[in-house]
Amino acid sequence: MKDKIQGILSATTVAEVWDHLLSCLMEVGFNHALYGFTRFHTSSGFGDDKDHLFLTNFDADYMQGYFLEGRYRHGPMVRWSVENTGACPWSWIRDNLEDLTEEEREVVAFNQASGVTSGYTIAFPHSLKRAKGAIGLSLEPHVGTQAEADEIWARHGSELEVICGVAHLKLISLPLPKRILTKRQREVLEWIGDGKTVADTAQIMGLNKATVEKHLRLARESLGVETTAQAVLKAAMHNQIFTF
């Protein structure tokens, strides 16, 4: 396990971390995984999809229905992950079927039709109230059974919780791929975040004020915010500034 963790810790991109993690999961029999993290969860939902880190090796057809069509927002195991930490077998859905909402039942039916019914979910602990992260580990759709998933977990569960936890901490330390800023946008936000004015920033960078304002405007648009102060905060939350 030491070598596996070292490989994850040594990775420098989201893709590298994800490849290392998938290799570890497949080695023990979990052939598919779906990871999600956000810093913007509230009681009313998850917010903008562009602010999520969402990784998977499920095929495009499944992800069209589950993610792009928004079913994940009503996934029973997603709700469990928001309300709990630790690991939970997907048999929890069957045991709590009567308590599921109509929307959650529709997601269950979709997953059953897709053969995604056997696996485990790990919900990660966070010190920040709005931060939520979890990963679903699945056997091969239409093939594996929950009993087989339980056997794998009995043998490797403790190790998988550690490996997935390390991968999660590494992933949330890296820049969010959907919100990548240009080098100039990052630089102007860094100077503004340091308390410099637009005029100061222009002088430091050897630019005119209009060019600095343009980079700030483009950064705000990329981050989906209205003010420069919001852009500095959101860029920092997404590991986009003071990290290179």
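This report walks through a predicted protein model, from its overall build to a few single residues.

## Ground rules

The model is predicted, so local features need pLDDT of at least 70 and side-chain atom pairs count only at pLDDT 80 or more, while totals for chains, interfaces and linings use all residues. Residues are numbered from 1 along each chain as its sequence is written, and side-chain values use heavy atoms, with hydrogens and water left out.

## The whole protein

The protein has 11 helices and 5 strands. Helices (H or I, at least four residues) and strands (E, at least two) are DSSP runs, numbered from the N terminus. Along the principal axes, the C-alpha atoms fill a box of roughly 65 × 45 × 30 Å.

Of the 244 residues, 48% count as buried. Here buried means under 20% relative accessible area, exposed means over 50%, and partly exposed lies in between, using a 1.4 Å probe and protein chains only. Among contacts with a separation of 6 or more, 68% come from residues 24 or more positions apart. A contact means heavy atoms within 4.5 Å.

## The sheet and its strand β1

Let's turn to the strands. They form an open sheet of 5 strands in the order β2-β1-β5-β4-β3, with antiparallel pairing. Two strands pair if DSSP finds at least two bridges between them. Because β2 (53–56) and β3 (86–89) stand at the edges with a single partner strand each, one side of each is left without a neighbour in the sheet. From one strand to the next, the twist averages 10°. Strands of a sheet pair through backbone hydrogen bonds, either parallel or antiparallel.

With β2 it pairs in the antiparallel sense over 4 bridges, and with β5 (residues 132–138) it pairs in the antiparallel sense over 7 bridges. Gly36 is a handy landmark: it stands opposite Phe54 in β2 and opposite Ala134 in β5. Phe37 stands opposite Leu53 in β2.

How many of the residues of β1 are buried? The count is 7 of 7. On one side are His32, Leu34, Gly36 and Thr38, and on the other are Ala33, Tyr35 and Phe37, so both faces are covered.

Leu34, in strand β1, counts as buried because its relative accessibility is 14%. Leaving aside neighbours within four places in sequence, Leu34 is in contact with several residues, including Trp18, Phe54, Tyr62, Met63 and Ile135.

Ser43 lies in the loop between β1 and β2. Is Ser43 buried or exposed? Its relative accessible area is 86%, so Ser43 is exposed. Ser43 and Arg130 are 87 residues apart in sequence, with their C-alpha atoms 9.2 Å apart in space.

## Helices that cross

Two helix pairs are set out below. Axes are lines fitted to C-alpha atoms, for helices over the stretch in contact, and angles run from 0 to 180 degrees between N-to-C directions.

| α8 and α11 | about 105° | 10 Å | 5 nonpolar, 2 polar, no charged |

In the classes, Ala, Val, Leu, Ile, Met, Phe, Trp, Tyr, Cys and Pro count as nonpolar, Asp, Glu, Lys and Arg as charged, and the others, Gly among them, as polar.

Leu189, Ile192 and Gly193 of α8 make the contact with Thr228, Ala231, Val232 and Ala235 of α11. In the other pair, Val198, Ala199, Thr201 and Ala202 in α9 meet Lys209, Val212, Glu213 and Leu216 in α10.

## Around α11

The buried residues of α11 are Thr228, Ala231, Val232, Lys234 and Ala235. They pack against α8 (183–193) and α10 (209–223).

After α11 comes Asn239, whose phi is positive, near 60°. Gln240 is also found in the segment after α11 (228–237). Gln240 counts as buried because its relative accessibility is 0%. Its side chain reaches the backbone nitrogen of Leu181 at 2.9 Å.

Definitions and conventions: A polar contact is a pair of N or O atoms within 3.5 Å; within protein, one must be able to donate a hydrogen and the other to accept it, and residues adjacent in sequence count only if both atoms are side-chain atoms.
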